[in-house]
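Open the model in your viewer and keep the selection panel at hand. This tour goes stop by stop: what to select, then what is there.

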Amino acid sequence: MVRNYPIDISDFYEFANQGYCEFDVNQVPLIDYDSAFGLWGRLTDRRFGKQYNPVAIAQYGLAAIARLNQTTRAEDEDRLRAKVYACAEWICVNHTESAYGIYWAYDFDFPPYRMNRGFTSCMAQGYALSLLLRAHQIFGETRFLEVAIRARDFFKNNAVNDDPVNFVRKFG
């Protein structure tokens, strides 16, 4: 058994499966921003559609791990392991390379928060790291660990270098 994320986010699993998210063919969640931000969407002509959100994907994977730790049925275990793997795979593949490491960026503009395509989120970085480390423990795939180490290096190196996505310089 792999330790759960220290904050209980297991409810996100049910929340996502009750219409908050849609899922792609690999069962990776997509956020329907037009529904999630309906009022803002009704006040403007801007539509976002369904988008991959690194925070939501990592949270869903971590919530599936929490469910996996609670299940006693083999068929539920197989289904949950597949969901964890799909989310970890997406996180592992869909990162941005930097001279200083790896990070996860958002591939869409988000005007409600004045964020342009390519914006980053410290939550995305932390949740992604947590999911990758746990996926490495569950599946034993070294690539999950390797990406997590490069992502950790991004935090470590980014604070003192001139990377264009410098969290410390950008946010103080």
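Which residues of helix H1 (residues 11-20) are buried? Select Phe12, Tyr13 and Ala16: these are the buried residues of H1. They sit on the same side of H1, because they cover an arc of only 110° around the axis. That arc is taken from the directions from the helix axis to the C-beta atoms. An α-helix has 3.6 residues a turn, so residues three or four places apart point the same way.

Some ground rules before moving on. This is a predicted model, in which local features need pLDDT of at least 70 and side-chain atom pairs count only at pLDDT 80 or more, while totals for chains, interfaces and linings use all residues. Residues are numbered from 1 along each chain as its sequence is written, and side-chain values use heavy atoms, with hydrogens and water left out. Buried means under 20% relative accessible area, exposed over 50%, and partly exposed in between (1.4 Å probe, protein chains only). Helices (H or I, at least four residues) and strands (E, at least two) are DSSP runs, numbered from the N terminus.

**Around H1**

Turn to the other side of H1. Asp11, Gln18 and Gly19 are exposed there. Now show what covers the buried residues of H1: the cover includes strand S1 (21-23), helix H4 (54-70) and helix H5 (74-93). Contact here means heavy atoms within 4.5 Å.

**The sheet**

Next, select S1, S2 and S3. They form an open sheet of three strands in the order S1-S2-S3, with antiparallel pairing. Two strands pair if DSSP finds at least two bridges between them. S1 and strand S3 (50-51) are the edge strands, each pairing on one side only.

Three bridges join S1 to S2. Phenylalanine 23 has proline 29 in S2 as its bridge partner. Five residues lie between the strands of this hairpin, and glutamine 27 takes a positive phi near 70°.

Strand S2 (residues 29-32) pairs with S3 over two bridges. Isoleucine 31 stands opposite glutamine 51 in S3. Show the side chains of S2: Pro29 and Ile31 point one way, Leu30 and Asp32 the other way, and all are buried. In a regular strand the side chains alternate between the two faces of the sheet.

Bring H1 back. H1 lies across S1 and S2, at about 80° to S1. The angle is between N-to-C directions, from 0 to 180 degrees, with axes fitted to C-alpha atoms, for helices over the stretch in contact.

**The core**

Which residues touch the most other members of the largest nonpolar core? Of its 47 residues, they are Phe12, Leu62, Ile91, Trp104, Tyr127, Leu131 and Leu132. H4 gives the largest share, ten residues. Such a core is a set of buried Ala, Val, Leu, Ile, Met, Phe, Trp, Tyr and Cys residues joined through side-chain atoms within 4.5 Å.

Center on leucine 62. Beyond its neighbours within four places in sequence, its contacts include Tyr5, Ile9, Tyr127 and Leu131.

**Two last stops**

Select glutamine 59 in helix H4. Glutamine 59 counts as buried, at 13% relative accessibility. Its side chain makes a polar contact of 3.3 Å with that of tyrosine 127. A polar contact is a pair of N or O atoms within 3.5 Å; within protein, one must be able to donate a hydrogen and the other to accept it, and residues adjacent in sequence count only if both atoms are side-chain atoms.

Finish at valine 2, in the segment before H1. Valine 2 is buried, with a relative accessible area of 10%.
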